[in-house]
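Subject: Structure for your review

Dear colleague,

Please find below the structure that I am handing over to you. My notes on it follow directly after.

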Amino acid sequence: GIGSSTPASLTYAALLDAIETLKTANANDPTAVILNPGDWRTLAGLADTTGQPLQPPPALATIPQRVTTGIGAGEIIVGDFSQLLLGVRQELRVEVLREGFMDKLQVGFLAHLRMDVQLAQPAAFAKIAPTA
């Protein structure tokens, strides 16, 4: 499964610990960090005792941070996303809906797609979980 850790507080050290988990599993280097806006703000706002912004360590500086509200506070996924597989179960289908929008001279669209997600290499991902 996906390796995980629970940091006392969100710091660059928590991300380094997640990368260490990947390296211990002999996984490839991470291609992205997925986190929510609040956690992104916490990391972006880290400062030293004089209030100066802290720069990320070189090991983290080149890893893209992808921000989404689709992940909970304190839950961060670090991994090699080339190891995330997406399988299309039903192709994208788009239908035009005219009748319900005719009175305003508009057209609506209904889109439908079924997909599955699978990890090709679960050890290529590490999760940072919120503290209890």
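The notes below take the central strand pairings, the core, the aromatic pair, the surface patch and the salt bridges in turn. Please bear in mind that this is a predicted model.

Strand pairing around S4

I begin with strand S4, which spans residues 76-79. Both of its faces are covered: Ile-76 and Val-78 are buried on one side, and Ile-77 and Gly-79 are buried on the other. This arrangement can be read against a general rule, namely that side chains in a regular strand alternate between the two faces of the sheet.

S4 has an antiparallel pairing with strand S2 (residues 32-35), made over three bridges. Within that pairing, Gly-79 of S4 is the bridge partner of Ala-32. S4 also pairs with strand S7 (residues 125-128), again in the antiparallel sense and over four bridges. Here Ile-76 has Ile-128 of S7 as its bridge partner.

The nonpolar core

The largest nonpolar core comprises 23 residues. Those with the most contacts inside it are Leu-15, Val-33, Leu-43, Leu-60, Ile-76, Val-78 and Ile-128. Helix H1 (12-24), S2, S4 and S7 are the elements that give two or more residues to this core, and H1 gives the most, with six.

The aromatic pair

The structure holds one aromatic pair. The ring centres of Phe-81 and Phe-125 are 5.1 Å apart and the ring planes stand at 80°, so the pair is edge-to-face. Phe-81 belongs to the loop between S4 and strand S5 (84-97), while Phe-125 belongs to strand S7, so the contact ties together parts that are 44 residues apart in sequence.

The nonpolar surface patch

A nonpolar patch lies on the surface, with about 950 Å² of accessible area together. Its residues are Leu-86, Val-88, Leu-92, Val-94, Val-96, Val-107, Phe-109, Leu-113, Met-115 and Val-117. S5 and strand S6 (108-119) are the elements that give two or more residues to it, and S5 gives the most, with five residues. Phe-109, one of the patch residues, is located in strand S6 and is exposed, with a relative accessible area of 60%. For context, nonpolar side chains in soluble globular proteins tend to be buried together.

Salt bridges

The count comes to three salt bridges. In one of them, the side chains of Arg-89 and Asp-116 meet at 3.5 Å, N to O. Arg-89 is in strand S5 and Asp-116 is in strand S6, so this pair ties together parts that are 27 residues apart in sequence. Asp-116 is partly exposed, at 37% relative accessibility.

Another salt bridge joins Arg-93 and Glu-95, whose closest N and O atoms are 2.8 Å apart. Arg-93 is partly exposed at 43% relative accessibility, and Glu-95 is partly exposed at 30%.

There is also a salt bridge between the side chains of Lys-23 and Asp-29, at 2.9 Å, N to O. Lys-23 is partly exposed, with a relative accessible area of 47%.

With kind regards

Note on methods
Residues are numbered from 1 along each chain as its sequence is written. This is a predicted model: local features need pLDDT of at least 70, side-chain atom pairs count only at pLDDT 80 or more; totals for chains, interfaces and linings use all residues. Side-chain values use heavy atoms; hydrogens and water are left out. Buried means under 20% relative accessible area, exposed over 50%, partly exposed in between (1.4 Å probe, protein chains only). Two strands pair if DSSP finds at least two bridges between them. Rings of Phe, Tyr and Trp (its six-membered ring) pair if their centres lie within 6.5 Å; planes under 30 degrees apart count as stacked, over 60 as edge-to-face and the rest as tilted. Patches are made of residues with over 30% relative accessible area and no salt bridge: like charges are joined within 9 Å, nonpolar side chains (Val, Leu, Ile, Met, Phe, Trp, Tyr) within 5 Å. Accessible areas come from the Shrake-Rupley method with a 1.4 Å probe; for residues, only the protein chains shown count as cover. A salt bridge is a side-chain nitrogen of Lys or Arg within 4 Å of a carboxyl oxygen of Asp or Glu. A nonpolar core is a set of buried Ala, Val, Leu, Ile, Met, Phe, Trp, Tyr and Cys residues joined through side-chain atoms within 4.5 Å.
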